[in-house]
Amino acid sequence: MTADYQSILQQQASAGFAERDDENPSLIPLPGYGVITVTGEEAGSFLQNLLTNDVKQLDAQPAQITAMCNPKGRLLALFLLIKTPDGYQLVLPKSQCAFLAQRLNMFKLRSKVEITDHSEDLQVCGVLGNAQSTSAVALPVTSRALLVLPPEQMASELEPLIQNGWPLAAEASWHIHEIEAGIPYILPESRELFTAQQLNLDLIGGVSFRKGCYPGQEVVARLHYLGEPKRRLFHAVANTNNLPAVGETVNDKDGAVIGHIVRAIQGPDQQLLLQLSLKLEGADLNLFLNDGTAIEQVQPSAV
């Protein structure tokens, strides 16, 4: 990592939370995220056979939310898929990159593709607000974009923006915005814990029900066409400084498990912001974290 980009990350360490203002965008470096590239003449068809979304739709849009499931329809990884001139970039939590690269390579066989974990030589920076004056890739949710560049180029792109008054914001700001927008994520601790519908992927454009088969497709499609999801994505708050782990249970007053934590971030005013996958039949009960802290303001996630 270059010294220039490292200095930007050092500046970010003392930055506050981002203000939602399309006219005055915020820059949010995301050192917790990594990048896998899939290139080669068969890269598109290779991913089309493995992912929940329709890769062919990237001809009409620059990025999409998509996922990879196990054969039982449980989510192994969730990421943003970006089409590039020479292939695809998969942007996801850095702690998931080695696992996903290895998993993809299991299916490579004789396919003419190259799968590379670039987490150490490509950096990710989020932009909240109008990013038209940058080279950032627009994301499916409005007023969000991503820069994915080597450290030297990232520094060159960000430094003039910072000098022109674009504020740096804490990495937590990106997570807070994703909670508000109803966008989940998967970490190693929650791998294979959720189905697509339990995280609302079918509601936010993360699943195509018209494309061909992929691992777990029968399970995901069966629930879509023949059943009703019993769990969905919610957001809530809790007044505590104790950060619960992703994957921890959410319980009712009798200790029965009602759901699990998808994401937990300490937000402004020392309030814990929560993203939860909950049973629909228990979402309106009094709910608690494992340490007994009450969960408040439980609301269905935006779609």
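**Figure 1. Overview of the predicted model and its contacts.** Among contacts (heavy atoms within 4.5 Å) between residues at least 6 apart in sequence, 69% join residues at least 24 apart. This is a predicted model, in which local features need pLDDT of at least 70 and side-chain atom pairs count only at pLDDT 80 or more, while totals for chains, interfaces and linings use all residues. Residues are numbered from 1 along each chain as its sequence is written, and side-chain values use heavy atoms, with hydrogens and water left out. You will find six helices and 15 strands here; helices (H or I, at least four residues) and strands (E, at least two) are DSSP runs, numbered from the N terminus. The radius of gyration is 19 Å, close to the 19 Å from the globule rule for 303 residues, so the protein is as compact as a globular protein of that length. That radius is taken over C-alpha atoms, and the rule is 2.2 Å times the number of residues to the power 0.38. Along the principal axes, the C-alpha atoms fill a box of roughly 55 × 50 × 30 Å. Of the 303 residues, 54% count as buried, where buried means under 20% relative accessible area, exposed over 50% and partly exposed in between (1.4 Å probe, protein chains only).

**Figure 2. An open sheet of four strands, in the order S1-S7-S9-S8.** Pairing in this sheet is antiparallel, and two strands pair if DSSP finds at least two bridges between them. Strands S1 and S8 (137–138) are the edges, each pairing on one side only. S1 (residues 26–29) meets S7 over four bridges, with Ile-28 standing opposite Gly-126 in S7. S7 and S9 (residues 144–149) pair over six bridges, and Gln-123 has Leu-149 as its bridge partner in S9.

**Figure 3. A closer look at strand S7 (residues 123–128).** Six of the six residues of S7 are buried, so the strand is largely enclosed by the rest of the structure. Gln-123, Cys-125 and Val-127 point one way, while Val-124, Gly-126 and Leu-128 point the other way.

**Figure 4. The largest pocket, with a volume of about 220 Å³.** Its lining is made up of 13 residues, and His-235, Ala-236, Val-237, Leu-273 and Gln-297 lie nearest the centre. Helix H5 (172–181) and strands S10 (231–238), S13 (272–279) and S15 (294–300) each give two or more residues to this lining. By class, the lining has seven nonpolar, four polar and two charged residues; Ala, Val, Leu, Ile, Met, Phe, Trp, Tyr, Cys and Pro count as nonpolar, Asp, Glu, Lys and Arg as charged, and the others, Gly among them, as polar. On a 1 Å grid over the protein atoms alone, a pocket is an open set of points where a 1.4 Å probe fits, with protein on both sides within 12 Å along at least five of seven lines, and lining residues have an atom within 4 Å of a point. Grid points are joined across faces, edges and corners, and the volume is the space filled by probe spheres set on them.

Figure 5. Most residues other than glycine have a negative phi. At 76% relative accessibility, Leu-109 counts as exposed.
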